[in-house]
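Dear colleague,

Please find below the structure that I am handing over to you. My findings follow directly after it.

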Amino acid sequence: MSASRTAARITSHLGVMVAVSVVLGVVVAGLAIPFAGLVGLSAQGVAETMDDLPEELETGDLAQRTTILDVDGNTIATLYDQNRVEVPLRQVSRTMVKAILSIEDYRFYEHGALDVKGTLRAFVTNQASGGTVQGGSSITQQLVKQTLINQAATEEEQAAATADTYARKLTELRYAVALEEQHSKDWILERYLNIVYFGDGAYGIQAAAKHFFNVNAKDLNVKQSAMLAGMVKNPYGYDPTNDKARAKDRRDVVIQRMADLSVISQKRAAKLRKQGLGLDVQKNQNGCVSATAPFFCDYVVNYLVADSDLGRSEKARRRLLYTGGLTIQTTLDMDFQNAADTSVSNAVQPTDGAIGGLAMVEPLTGDVKALAQSRPMGRKKKQGETYLNFVVPKEYGDSNGFQPGSTFKPFVLATAIEQGIPLNTQIASPQTITLPISSFRDCSGPIQSTQDYEVNNSTGYGTYTLYTGTQQSVNTFFVQLEQRVGICKPYNLAVKMGIQNLKGKTARSLYEVPAFTLGVADTSVLEMAEAYATFAGRGVHCDSRPVTSITGPNGNTVKEYDSSCERVMQATTADGVADVLRGVIEGGFASAQALDQPAGGKTGTTQSGRAVWFAGFTRNMAAVSMVAGVNNLGQPESLVGKYLNGRYVASASGSTYAAPIWGDAMKAIDDQLANENFVAPTDAVVNGVQTTVPSVSGMTIETARQTLKDAGFGVSVGSSVNSSLSAGLVAYSSPGGGSTAAENSFVILYPSNGVPPVVNTPSTGGNNDGGNNNGGNDGGGNSGGSNNGNGGNNGNGNGGGNNGGGNNG
């Protein structure tokens, strides 16, 4: 370096440093560099010290608050570490600019990084008044200090940024010089107004204006501007929410300073000082607790934190959400949310020993329209508040879910239809049935077990079709249907339809058991709504989607979330399921019948009444409601013996407690849904393709079963009947041998009890075998028919009558 350049650099540094230090040798302008401190330093030493300091101050993005919007663009929540909304200088009122300059640095546009004249003036003024009236540090210096504090990631860095040391102040000044060299005055002032803390959680001028006065920064008047400008010096001490009197005194100081500098007249200043602060303090809305839809907000946050596209680690992603100034566009519809909240709260109170929940998912998009639960978000446990989100999958919430009961039966129903089993297939379903576990197949093949599986009905017994067996929720019917279709395919279908708690389970897992169809796998309300939306969407499944897009603070697109959909069953299969399930509602659920369009649904009630469900859908909306008993720790327990909204629960059922929640919510939004009808199932789905049934009369049960299986039929066994054949042999089948029935349908075997039938009148119509076949065929058609059905169409009707009576028997 040449001697002339060295001399120039030394002069430049010392011109700034020594000027302040020499002023009375005292601490001034926030830059504590005593004269004695420089005496021992040579000019060359000071220059080298300055040369060793960084020449640039990193001025990255400031932490800004993130806004979460509903589907109509209304704010439902804000997230932030620092409540800040950056605004350009042109969006800050000129009055505010003049106020901050008046009290902090009125010569800002006239000096460089350090205002020597202003420093001396501030020192003299403050000494004369016996306190701090005017600031000494330039706005540029203050910006440096605020930036270093803002960037401090640890307590050590925080302490270093505020330390009252020569090294820190020297560094601060060097950075100030660099800022002045690299940026315009307007940029520095804009950055300062956006970074500075104004107290009570408000960072930056826009957040402060909205928080204290509920106006935008561009609309601040003189009184408001003066109060905010005065707070910068001591945002805690001059916070009007803590001490209005002190805040007003400080505001009046700023007003007088503005008058002294002829920014406003003395007359106006005197008038303003007589006026109050004019506060309109807005409550800080940070996080999901204060959100319009708290548990939907919680779901959104956890959904995004789990998205690896938003950062390499969970910590990085969470930091982006709370500091990135994002705008998150969600799928939440507040009309739907209000309907869900009202229906749930009317049924279950926060302090009840239960959780009530409801989720709404739009078919063909997966858009989550509403999430409601009976316990509000908060820490007041005695008032029923909780931070646990019970209505979303465990991945995004705080609960493993609850057993869904018979709402799982449609997974087996859909699989049966996919395998060609017609809806009119009949299965004899006794009150109790005991089946070898080895007769069931999981994803690894036949289950190796020597144990039996016993199932009981709570809804009656008889012979049912896929329509009536589903609508009356007959357990022994569905266990036999599951025995035919296997456990693996319904299991995998449930996974494909959104039951996430089943994902990743190995073969022969806890849930891959004969009880699968009875709903023993824990799941959430949202997962079930997503699954049933697949039926409404005619076999197209879409992942639940709470967010559609994220934009950055400058309007740039951070990420868009498109619907993620795939076909998981044939449209005709879904049509068949919908046709079956609409009969559930049309058959007796008054609370769900008042919609302007067709709807289908299924109840669910778990063993011991721990949870009750109703899962339903129209063509354009799926919703699932649930009430589950929980203890103080949120663990499942029976609803029986509890009170729900003052109503004693003697026995729990989905039709009594969950269906009304669903019905009330859906009726409230029905007018906003387009009226659409379901597509009728095809004849092949209802009746199947007809084929001839082999004759199995006189065979053993196992031989008859294998014969029918080889012919493409399923088999169920009815109760024993009077017959001249030896006990245990097949007396006849329904449909009978030689008749036609749908491929893949069930044939019912009626074993002989060894007691010959009593003939009341001479038979004139056909031989005994034909009579048994045809009389049995007709006789087995209706469940719960007459035991005295005399005379089949072609023969002895007693056989058919003893086993349930016939349409014609």
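I begin with the disulfide of C288 and C297: the torsion about its S-S bond is about -70°, so this disulfide is left-handed. The sulfur atoms of C288 and C297 are 2.1 Å apart, where a disulfide is defined as a pair of cysteine sulfur atoms within 2.5 Å. Both cysteines, C288 and C297, are buried; the term buried stands for under 20% relative accessible area, exposed for over 50%, and partly exposed for what lies in between, with a 1.4 Å probe and protein chains only.

Please note that this is a predicted model, in which local features need pLDDT of at least 70 and side-chain atom pairs count only at pLDDT 80 or more, while totals for chains, interfaces and linings use all residues. Residues are numbered from 1 along each chain as its sequence is written, and side-chain values use heavy atoms, with hydrogens and water left out.

The remaining disulfides

In total, the structure holds three disulfides. C443 and C488 form one of them, with sulfur atoms 2.0 Å apart. The link of C443 and C488 is right-handed, with 100° about the S-S bond. C443 lies in the loop between β10 (441-442) and β11 (445-446), and C488 belongs to helix α20 (residues 488-496), so the pair ties together parts that are 45 residues apart in sequence. Helices (H or I, at least four residues) and strands (E, at least two) are DSSP runs, numbered from the N terminus. C443 counts as partly exposed, at 36% relative accessibility, whereas C488 counts as buried, at 18%.

C542 and C565 also form a disulfide, and their sulfur atoms are 2.0 Å apart. With 110° about the S-S bond, the link of C542 and C565 is right-handed. This pair links distant parts of the chain, 23 residues apart: C542 is in strand β14 (residues 540-542) and C565 in strand β17 (residues 565-567). C542 is buried, with a relative accessible area of 6%, while C565 counts as partly exposed at 35% relative accessibility. When the bonded cysteines of the protein chain are numbered in sequence order, the pairing reads 1-2, 3-4, 5-6.

A pair of helices

Two packed helices are described by the angle between their axes and the distance between the axes. The axes of helix α6 (residues 139-151) and helix α7 (residues 155-162) come within 8 Å and cross at roughly 170°. That makes α6 roughly antiparallel to α7. Axes here are lines fitted to C-alpha atoms, for helices over the stretch in contact, and angles run from 0 to 180 degrees between N-to-C directions; under 35 degrees counts as roughly parallel, over 145 as roughly antiparallel, 65 to 115 as roughly perpendicular and the rest as oblique.

On the α6 side, K145, L148, I149 and Q151 meet E157, Q158, A161 and T162 in α7, where contact means heavy atoms within 4.5 Å. By class, this contact of α6 with α7 has three nonpolar, three polar and two charged residues. In this scheme Ala, Val, Leu, Ile, Met, Phe, Trp, Tyr, Cys and Pro count as nonpolar, Asp, Glu, Lys and Arg as charged, and the others, Gly among them, as polar.

Two open sheets

An open sheet of five strands has the order β7-β6-β20-β19-β18, with antiparallel pairing; two strands pair if DSSP finds at least two bridges between them. β7 (368-373) and β18 (600-605) stand at the edges with a single partner strand each, so one side of each is left without a neighbour in the sheet. Neighbouring strands of this sheet are turned by 5° against each other on average, direction ignored. Six bridges join β18 to the antiparallel strand β19 (residues 611-617), and T603 stands opposite F614 in β19. Helix α22 (residues 571-586) lies across β18 and β19, at about 70° to β18. Helix α23 (residues 654-669) lies across β6 (354-361), β18, β19 and β20 (622-629), running at about 35° to β19.

In another open sheet, three strands follow the order β24-β27-β25, with mixed pairing. Its edge strands, β24 (714-717) and β25 (730-734), each pair on one side only. Here neighbouring strands are turned by 30° against each other on average, direction ignored. β25 and strand β27 (residues 746-751) run antiparallel and are joined by four bridges, with V730 opposite P751 in β27. Helix α25 (residues 701-710) lies across β24, β25 and β27, at about 165° to β27.

With kind regards
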